[in-house]
Amino acid sequence: MSSIAIVGAGHVGVVYAAGLAELGHHVRVIDVNAKRVAMLRTGKIWFYEPGLPELLERGLARRRITFTTNYPKGLAKARFVFVCVPTPTTAEGSLDDTYLRSAFAQIREHATNPRPVIVNKSTVPVGTGDIASRLFEGDDIHVVSNPEFLAEGRAVEDFFHPSRIVIGSRNRIAGEAVAALYAPLRAPVVHTDPVTAEFSKLSANAFLATKVSFANVLSRIGESVGADGDGLAKALSLDPRIGAGHLRAGLGFGGSCLPKDLAAIEQLARRFTESPGFFAAVAAVNKAQRSRVVDLLVDRFGALADRRIAVLGATFKANTDDLRDSPALYLARQLAELHAEVVVYDPVAAPQLKLIAPELQLARTALAAARGADATIVATEWPEFATIDLAAVRRTMRGTLLVDGRGLFDLESAHRAGLDYFSFATAGVRPHEAEELLPAVAS
Ligand code: NAD
Ligand code: UGA
């Protein structure tokens, strides 16, 4: 078992700390944020990720994980240093490597003997691995690009059952040493060079974003020609070349990754291809989806001042408290800017909402949010919304409009409850549903 340092105690870093500890390694996590470190030492995680608190607790109880703000302490004896720092978007849309550079500089200054292998998990500008390797040249430190593909909300599951491990290294021994850490997970491993590894990460997210915008354009055409969105998603998803994931139409994609990685790949397309605008079109479709609900409400009500609107869900998707670039929060804010009285209910994000969106009223339950509302909007696909009693929603509302931005309901059940129903969203098909459909097709 190895001694491993992790730089960055966030959505990737804490999952890796707890996951690697579960595999038997000893992990020291370094973060510059003293408040987060203090919380994590007591087993409290500063963000919501299902299953992670229990896993972290086990690692702490077995004394396999420590947290520190001190680089020399954190790096002492580390054989591997996993870098998991943020790479936000710059004003032009590229990936900002400021935190990464700072982490590399600290590692260079404080790395001890024997020299560690640096495992870069942050999503980086293409070429970063080679630049970092040159930085560490002569220090006997190798840099391996090992992009991360976990999704928030199911990050623990993704850690233990990754679809693939991509290892980009120009040094065979370093690359194989990193691959060996993942051996217990029995995942397919792709050995390649750092540039390809880094580009594969941007490409994967660009593809997922493109698929969501593709689904949104199809659903829009489908609305006009009278095609059923769910039927369409099923028909498409059973073709293994298309696949079931990311075909849900609705409010569009958000979060800290798809939008920023899409912008970064568009920058590359502009520089190096005759097709600038390909990924910009994907982003434009996404932006248009976000405005559709506002347009609908303005069409229906005219001015929104004095209208009370309930927004169910604020996070960028279900099972996370992440509000970064959230379509739901964007929508709520747009409505508030138009002077609507906006009441938001989110199952987990209320504490952060209080801090970053004080202009929004918060409710403690979905029904409380809907009380007295002229319209109720489902903006995040939280499972608890799918089982809500629509008749009770109708009874507590002042108006009758239900806008389903995530395809949780259908026209018939909304009408039965006495609600006017509008949805441009489809539930799509989840991979397990596609698997269930396959035998039926074969027989
Ligand atoms: P995050 O914001 O959740 O956490 C990053 C942590 O790094 C923060 O706690 C911050 O305080 C700390 N940090 C910043 N600079 C530091 C420094 N110099 N030294 C030590 N700590 C520092 O970020 P995240 O969501 O975990 O993302 C990290 C990287 O992984 C990004 O490049 C992201 O694109 C990529 N990624 C994220 C996900 C995801 O689901 N969030 C999935 C795959 C890849
Ligand atoms: C995404 C990728 O799925 C991960 O593989 C990747 O590692 C991660 O980005 C990253 O690089 O950080 P994540 O942002 O957690 O993960 O969320 P997704 O599940 O991909 O959803 C992204 C957005 O697309 C959400 O707003 C979601 O509501 C939306 N979406 C997703 C749809 O609108 N329709 C769909 O069918 C699927």
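1. A polar contact is understood here as a pair of N or O atoms within 3.5 Å. The model is predicted. In it, an oxygen atom of ligand 1 lies 2.9 Å from a polar backbone atom of valine 12, so the pair falls within that cut-off.

2. Threonine 87 places a polar side-chain atom 2.6 Å from an oxygen atom of the ligand. For glutamate 152, an N or O atom of the side chain is 2.9 Å from a nitrogen atom of ligand 1. Of the 840 Å² that ligand 1 exposes when taken alone, the protein buries 94%.

3. How many residues surround ligand 1? There are 29, and the closest are His11, Asp31, Tyr71, Thr87 and Lys260. By class, the shell divides into 14 nonpolar, eight polar and seven charged residues. Helix H5 (residues 98-110) supplies the largest share of this shell, namely three residues.

4. Glycine 19 belongs to helix H1 (residues 13-22). Is this glycine buried or exposed? Glycine 19 counts as buried because its relative accessibility is 0%, and the term buried requires a value under 20%.

5. Apart from neighbours within four places along the chain, glycine 19 is in contact with Leu55, Phe159 and Phe160. Phenylalanine 160 stands 141 residues away from glycine 19 along the chain, yet their C-alpha atoms are separated by 7.4 Å.

Methods: Residues are numbered from 1 along each chain as its sequence is written. Chains are lettered from A and ligands numbered from 1 in the order in which they are written. This is a predicted model: local features need pLDDT of at least 70, side-chain atom pairs count only at pLDDT 80 or more; totals for chains, interfaces and linings use all residues. Side-chain values use heavy atoms; hydrogens and water are left out. A residue is near a molecule or strand if one of its heavy atoms lies within 4 Å of it. A polar contact is a pair of N or O atoms within 3.5 Å; within protein, one must be able to donate a hydrogen and the other to accept it, and residues adjacent in sequence count only if both atoms are side-chain atoms. Accessible areas come from the Shrake-Rupley method with a 1.4 Å probe; for residues, only the protein chains shown count as cover. Helices (H or I, at least four residues) and strands (E, at least two) are DSSP runs, numbered from the N terminus. Ala, Val, Leu, Ile, Met, Phe, Trp, Tyr, Cys and Pro count as nonpolar, Asp, Glu, Lys and Arg as charged, and the others, Gly among them, as polar. Buried means under 20% relative accessible area, exposed over 50%, partly exposed in between (1.4 Å probe, protein chains only). Contact means heavy atoms within 4.5 Å.
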